[in-house]
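Hello,

Here is the structure I promised to pass on. Have a look at it first, and my notes follow below.

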Number of protein chains: 2
Amino acid sequence: MKRPVTLGLVQMAMGPDRETNVERGFALARQARERGADLIVFPELFSGRFFCRELDPRHTALAESVPGPLCDRLAGLARELEAVVVGSLFERVRDGVYFNTAVVLERDGTLLGRSRKMHIPMDPGYLEKYYFTPGDTDYPVFRTSLLDLAVPTCWDQWFPEPARIYGLKGAELIVYPSAIGTLPGDPYDDAVDTWRVAMRGHAVCNALYVAAVNRVGDEGGMTFYGHTFVAQPDGRVIAEAGEDEQVLLARLDPDRIARTRTLSLFYRDRRPETYRDLLRQVAESEPPMEA
Amino acid sequence: MKRPVTLGLVQMAMGPDRETNVERGFALARQARERGADLIVFPELFSGRFFCRELDPRHTALAESVPGPLCDRLAGLARELEAVVVGSLFERVRDGVYFNTAVVLERDGTLLGRSRKMHIPMDPGYLEKYYFTPGDTDYPVFRTSLLDLAVPTCWDQWFPEPARIYGLKGAELIVYPSAIGTLPGDPYDDAVDTWRVAMRGHAVCNALYVAAVNRVGDEGGMTFYGHTFVAQPDGRVIAEAGEDEQVLLARLDPDRIARTRTLSLFYRDRRPETYRDLLRQVAESEPPMEA
């Protein structure tokens, strides 16, 4: 990260028509660019309503290849705006093999790569294990012209492991395209704060910027809660949206990352030789020494 | 965790005299017990001032064996109060081999085990790498009569790896005996919030209770900032102290852990086969597929 970067996060509501959604998203991206953004990120699966709330094989017809129609349009937008663009789409590899994928486009429209959602939920309203194969892209960090960037997706945000791996690979910003909200009767006390605290913790423990860009609006009983935000490397929230459509801007400062990492030398003191249990699904405690 | 547990955290200031400190700590523990605490935890190295702020071989004379004098007194306190007690002490194994160790005493005074600080800092004010061998106790979870308990120490709190390993081993509460504060001229914007957010994040990602018990007071230019707190499994702070000596109480509810874990099925969706880089000190990103 050579100089400060202005991040533009497109918090938007989606309607039933795909073309309208893409055009609306692109219009908001142009606004972001006019206001100074040079890195623009869309919410998860931003071209349509959140089809994962129901289990219907017909939705697989929405999937497309990468490169492919939407990816190419995102490349055109990157070229038009001379901005790095991150889009999220339903990726089709072949019949029966689909991923939930973020693509990264350089300012000249080059496709730098893709990052497939690694952790797939299956919860009321999020029937994603039906649609998506768990990602096989490992945890790529994209060396863009602006900064070193990681683009995991939504549910990945609850897991400390990806955030740590991105940190070990030198990521300066982790941004999570998201689609998260509430269903009627959800028993959470403060869902937004819980969601944000998990990611603010990643920012602190790994000394990097963390952001999430969410959709808003009601979609057949689900209310997507927005609250797109950016946290700096000490965990402080430096920009936050409400629950309306908007472009959220934040300035990311490379000096702050360096300063935080040398103040809090966490990377120096890790003890990987003691972390073997992280590679297990469950672990047992040794009997205590005094037993 | 069979029934709710009342946690009592002893936030205290330390003077120059060891006997006075121990008696003061025990008096606060008795207060905690009278107010209902059945699990009582002391701050890091609570029997004395924080000697790690200077580098002096004479301080090694403070170290003692486990079991040993302070450990035995803690056992007596546990027996007297019929409470589970966690103490933190400077453990001597032999000349030149010392650990920063938390001990867990059952309600009948039995020494359940010890947990040696795994991550050792070396920063202005915290010259700990001079005194302490990095812990060799792995990450024990103690099956106490009250709940399944992990007792890492201070600097361990900044690392997501231990918190996750405790979660994988079924811990219901992680409590960090701590000694953390500020030095004149510290450049942190909001040190307390950064510290708390890291641990609140551990609570959310691992769906368990997290607490830290800190010392207070000025010790030769270092100001220990207290702010002992307890966070529930959704990250919400349910009890928090200021910067004065006090006993902080919190009620921990077993049903809340179960409810949170089944609402947010993070443990179901981990992908350990993709986490190999966590066992490295640094990692490299694969070249992007499209390169």
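Chain A exposes about 10,200 Å², and carbon and sulfur atoms supply 50% of that area (Shrake-Rupley method, 1.4 Å probe; for residues, only the protein chains shown count as cover). This is a predicted model, in which local features need pLDDT of at least 70 and side-chain atom pairs count only at pLDDT 80 or more, while totals for chains, interfaces and linings use all residues. Residues are numbered from 1 along each chain as its sequence is written, chains are lettered from A and ligands numbered from 1 in the order written, and side-chain values use heavy atoms, without hydrogens and water.

Of the 291 residues of chain A, 64% count as buried (under 20% relative accessible area, 1.4 Å probe, protein chains only). The C-alpha atoms of chain A fill a box of roughly 65 × 45 × 40 Å along the principal axes.

Helix α4 of chain A, residues 160–168, is mostly covered, with nine of its nine residues buried (helices are DSSP runs of H or I, at least four residues, numbered from the N terminus). Among them are A:R164 and A:E161. After α4(A) comes A:G170, with a positive phi near 90°.

A:W158 and B:W158 touch the most other members of the largest nonpolar core, which has 94 residues (buried Ala, Val, Leu, Ile, Met, Phe, Trp, Tyr and Cys joined through side-chain atoms within 4.5 Å). Beyond its neighbours within four places in sequence, B:W158 has contacts (heavy atoms within 4.5 Å) that include A:V204, A:F266 and B:W195.

Best wishes

Technical notes:
Buried < 20%, exposed > 50% of the residue type's maximum accessible area, 1.4 Å probe, protein only. Helix = DSSP H or I, 4+ residues; strand = E, 2+ residues; numbered from the N terminus.
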